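Good morning, colleagues, and thank you for joining.

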Amino acid sequence: MAIVTRIRREVLTLPAARLGPDNPLPPLCPLDEMHRTDDRDRDGMPGDMARRLGHEPLRSLLPVRVRDGYDRTREPRALDALVIENDRLRATVLPGLGGRVASLLHLPTGRELLYRNPVFQPAGFALNGAWYSGGIEWNIGATGHTTLACAPLHAARVPAPDGGEMLRLWEWERLRDLPFQVDLWLPDGSDFLYAGVRVRNPHERPVPTYWWSNTAVREEVRVLAPADEAWQFGYERRLRKVPVPTYDGVDRSHPLNSPYAADYFYEVPDGRRRWIAALDADGHGLVQTSTDLLRGRKLFVWGNRPGGRRWQEWLTAPGTGGYCEIQAGLTRTQLEHVRLEAESELSWLEAYGPLDTPPDGAWTQAVRRAGERLESVLPRARVEAAYAAWKPYADTEPGETLATGSGWGALEVLRADWKLPGTPFPASTLGAPQAPWRELLRTGSLPEPRRVRPPGETLVAPHWRDMLETAPATPHTEYHLGIAQWHAGDRAQAVRSWERALLLAPSLWPSLRCLAVADQESGHHERAAQRYADAFDDLCRERRDDGEEWTAAVAALGRESLGALLRVRRTADARAVWDRLLPAVRRRGRFRLLEAELLLAEGRREEARAVFDAGFEVADLREGEEAIGRLWARLTDEPLPARHDFRMRPETA
């Protein structure tokens, strides 16, 4: 039989917001992540689940930077895409944006199986900020949306088990220092897209590991999974076991029935086939299934309350409808991490395709019908056989390069001389961000910057920290060493390193800012405010131009300085910081919100209210953030305007 699977390049033009520069300030503060629960909720949990809830949750974003430079001005922009297609399915993949499967089109019926976002609009949902909705995303690292959501992955053609071609995506995940790959292929005549996934631990120590594949589908569906119970988690941060599908008098299998945003992690019994499906009223939709290692299944809903609906509008274009997510992961819930042993790997196979079966009626009968239909179109044994056939090809070296990711994997391979068959990280991918660290590796010395500019990224893994410890103690090295020590929990040594950096550093503001964060974390808010004021003053003197790099630094430090000064009621100093911000920065929504807070602190209530009346949009509003509502409540007793209502939890929570 002739192989008809094709992989080709394509350009996808969408109304798209600009990603902008990363935040140049190292993220020293504790991770702002919504998915945490109370220890009291562990009573009555299965033992393995309770252990995994406490297994090395992520405490810091380092060495990754925050991505908060995006905006909400959408213009037609060309996005590089890779299309893998047979005579039944067409999958469109965005290698430059996390390898997202943006579209999965069933060709015989013309039905789009995913929620395909008609725009590209970053929002503050990833662990490090920028994330966008729609399609199938690959989440690795730690609880939450991956830091690679808007980052480029490596991509190449690879031989497939059936003699055709696969599309391989791979990268180095920096939070846990793990390489991973996703192999996508469409067997000839298949209605299902296969995804072979592998996560490797090349280290001589165990590493906590996390994976969830998230699929966005239209929310006018019924979601089915082979379970009668689920672990429900809402933005009030409580985890509880609830019956499926009806809980508190509401059938939660219909996403629009739930009032508030929530996760439902299905308790699929051992031995049952693992799958989840979303079917519309006519019985058409998408099913996802996998080999058993990917044990978890989840439904995420936005809810029908104003806050959830506002988020739906925020993430896409008006009038395009909403979505929910059906997900699959390594654990029961997304609050858990598994232990990946030293020099070992995890791998599994997923399948995505159409399912046609009536979704209505009693839950048990609807689930049974869907399971039987799935078995008829894609037997469980076929998925197991496809996994077994794929495994020998996971090590196959890629052919034609289709996209290039970061150089961080190449740096780690260079450092440790690792052999990672199937996922090469060639030295040709090393670039400017890796250059000083390559020099440290080669000479034992971290080079001082050749020109005045904001500091580059810091590597914080133990092996890099050890190299910084033994490198010549220049101001630049002391600055980076302090960040690595802070990440390791040695805060006293970090403070001493930054204080030493101040003695000879030509640029004072990077270390002053780090010391200000240390003061805040230890409760010395007055001293923190003064250090922030000094750091901002030094940065403004040092700024060389109004280009993107310096503007990002001034905006980031100005934002933190304003918050620190307002906290201790130094309104005159906060006003001085505000006045030195560039006009373009002051016009951003996040800074309009800060301006309203500053005006209120100065006693200028009517002017603060006028900022709200004029309207603004905080582009980098974080998932679950309630700053807008809290400030509004300080200004007035009036209801929060709909355009500012992003509340995701019951008001009584």
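A residue is called buried here when its relative accessible area is under 20%, and exposed when that value is over 50%, with partly exposed in between. Please keep in mind throughout that we are looking at a predicted model.

I shall apply that cut-off at once, in helix α4. Y387 has a relative accessible area of 19%, so this residue falls under the limit of 20% and is buried. For W390 the relative accessibility is 0%, so W390 is likewise counted as buried.

The buried residues of α4 are V383, A386, Y387 and W390. These residues share the same side of α4, because they cover an arc of only 100° around the axis. Against what do they pack? The contacts are with strands β10 (165-173), β11 (178-185), β12 (193-201), β22 (284-290) and β26 (344-356).

One of those strands, β10, leads us to β9, which covers residues 154-159. Strand β9 is mostly covered, with 5 of its 6 residues buried. It pairs with β10 in the antiparallel sense, over 6 bridges, and R157 has L167 of β10 as its bridge partner. Between the two strands of this hairpin are 5 residues, and G163 adopts a positive phi near 95°. Strand β9 is also joined by 2 bridges to β27 (residues 401-403), again running antiparallel. There, A155 stands opposite A403 of β27.

I turn now to helix α2. Because 7 of its 10 residues are buried, α2 is largely enclosed by the rest of the structure. The buried residues are G307, G308, R310, W311, Q312, W314 and L315. They pack against β6 (123-126), β7 (129-131) and β24 (323-329).

How many aromatic pairs does a search of the whole structure find? The count is 23. Among them is the pair of W311 and F646, which is edge-to-face, at 4.8 Å centre to centre and with 65° between the planes. W311 belongs to helix α2 (residues 306-315), whereas F646 lies in the segment after α17 (627-635), so this pair ties together parts that are 335 residues apart in sequence. Both W311 and F646 are buried. The two also belong to a cluster linked by ring pairs, made up of Y115, F125, W131, F300, W302, W311, W314, Y323 and F646.

Aromatic rings also take part in contacts with charged side chains. R100 lies over the face of Y132, at 3.9 Å from the ring centre. In a second case, R491 lies over the face of W486, here at 4.1 Å from the ring centre.

Finally, a word on E236. Where does E236 lie? Its place is the loop between β16 (229-234) and β17 (239-243). With a relative accessibility of 25%, E236 counts as partly exposed. R373 is 137 residues away from E236 along the chain, and their C-alpha atoms are separated by 37 Å.

Key: Residues numbered from 1 in each chain as written. Predicted model: local features only at pLDDT ≥ 70, side-chain atom pairs only at ≥ 80, totals over all residues. Heavy atoms only, no water. Phe/Tyr/Trp six-rings, centres within 6.5 Å; stacked < 30°, edge-to-face > 60°. Helix = DSSP H or I, 4+ residues; strand = E, 2+ residues; numbered from the N terminus. Buried < 20%, exposed > 50% of the residue type's maximum accessible area, 1.4 Å probe, protein only. Lys NZ or Arg CZ within 6 Å of the ring centre and 35° of its normal. Arc of directions from axis to C-beta. Contact = heavy atoms within 4.5 Å. Pairing = 2+ DSSP bridges.
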